[in-house]
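Dear colleague,

Please find below the sequence and the structure that I promised to hand over.

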Amino acid sequence: MKSFPVSLLILALATATAFAYDPSPLQDICVAINDPKSAVFVNGEFCKDPKQANADDFTFMGFRKPGNTANPLGSKVTPATVNEFPGLNTLGISAARIDFAPGGLNPPHTHPRGTEVLVVIEGTLLVGFVTSNQLNNTLFTKVLYKGDVFVFPIGLIHFQLNTGKTPALAFAGLSSQNPGVITIANSVFGAKPPISADVLTKAFQVDKKTVDYLLAQFWYDNN
């Protein structure tokens, strides 16, 4: 019997590894449970009988009106994820409308499950994202004008700031039906229960008085 070629064995193992992966989760956490009666559906939502579906299931009208930017950030994100737009279920995409008052900011945040592509409809936006520690936390930033498009890679911290004197409007497409949002300041200083001040003072290299001040602030969520 001839020996099995080593090259074919390596190829077989590589192919098996390439196809043996866990699907990306569509929720933040999923704790295993033995009782199915107390369980929830994972990676998506329960599906309507396709024979009962209609055009309204695939229509979202939430972008018709501007978002209310009268808030501390001067911006408002109107999401169209599977939570607001059921027709997106299993399709792997979502969208958002982002309204900015003059000087309005969509603060540093990440989407743990989706890449974002942004198009400016009106106004001028300073946008940027920061790479991971592996690439020395490099900032990529650009001033965008009407019609410009910018992409924010999945999971990286990014932001948008209206640097103009008039309102700005942008639309975003995301590569997940439920991309998630982690606003950095809210998560670090607005966690419930709060992160220990000892942790924050050492992490940010500031005194406890500064940390206590930040922990006492109201961290507005513009989503």
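Leaving out residues up to four places away in sequence, H109 touches E116, L156, I157, H158, Q160, V181, I182, T183 and I184. Please keep in mind throughout that this is a predicted model. H109 itself sits in strand 3, which covers residues 105-110, and because its relative accessibility is 4%, under the 20% cut-off, it counts as buried. Its side chain is joined to that of H111 by a polar contact of 3.5 Å.

H111 lies beyond that strand, in the loop between strand 3 and strand 4 (116-122), and with a relative accessible area of 9% H111 is buried too.

Once its neighbours within four places in sequence are set aside, N162 is in contact with F100, A101, P102, G103, G104, T124, L125, P167 and A168. The C-alpha atoms of N162 and L144, which are 18 residues apart along the chain, are separated by 9.6 Å.

Two of those names, F100 and L125, lead on to the largest nonpolar core, which has 16 residues and in which F100, L118, L125, V127, L144, F150 and F152 touch the most other members. Two or more residues of this core come from each of strand 2 (94-100), strand 4, strand 5 (125-130), strand 7 (149-152) and strand 9 (168-174). As for F100, its contacts, not counting residues up to four places away in sequence, include T69, G74, L105, L125, Q160, N162 and A170. There is also a second, separate core of five residues, among them V188, F189, L200 and V211.

L200 brings us to helix 3 (residues 197-204), whose buried residues are A197, L200 and T201. Seen down the helix axis, these buried residues fall within an arc of 100°, so they line one face of helix 3. In general, an α-helix has 3.6 residues a turn, so residues three or four places apart point the same way. On the other side of helix 3, D198, K202 and A203 are exposed, while the cover over its buried residues includes helix 2 (184-189) and helix 4 (208-215).

Both ends of helix 3 may deserve a look as you go through the model. S196 caps the N-terminal end, with a side-chain oxygen 3.2 Å from the backbone nitrogen of D198, and just after the helix Q205 takes a positive phi of about 55°.

With best regards

Technical notes. Residues numbered from 1 in each chain as written. Predicted model: local features only at pLDDT ≥ 70, side-chain atom pairs only at ≥ 80, totals over all residues. Heavy atoms only, no water. Contact = heavy atoms within 4.5 Å. Helix = DSSP H or I, 4+ residues; strand = E, 2+ residues; numbered from the N terminus. Buried < 20%, exposed > 50% of the residue type's maximum accessible area, 1.4 Å probe, protein only. Polar contact = N/O pair within 3.5 Å; in protein donor to acceptor, adjacent residues only side chain to side chain. Core = buried A, V, L, I, M, F, W, Y, C linked by side-chain atoms within 4.5 Å. Arc of directions from axis to C-beta.
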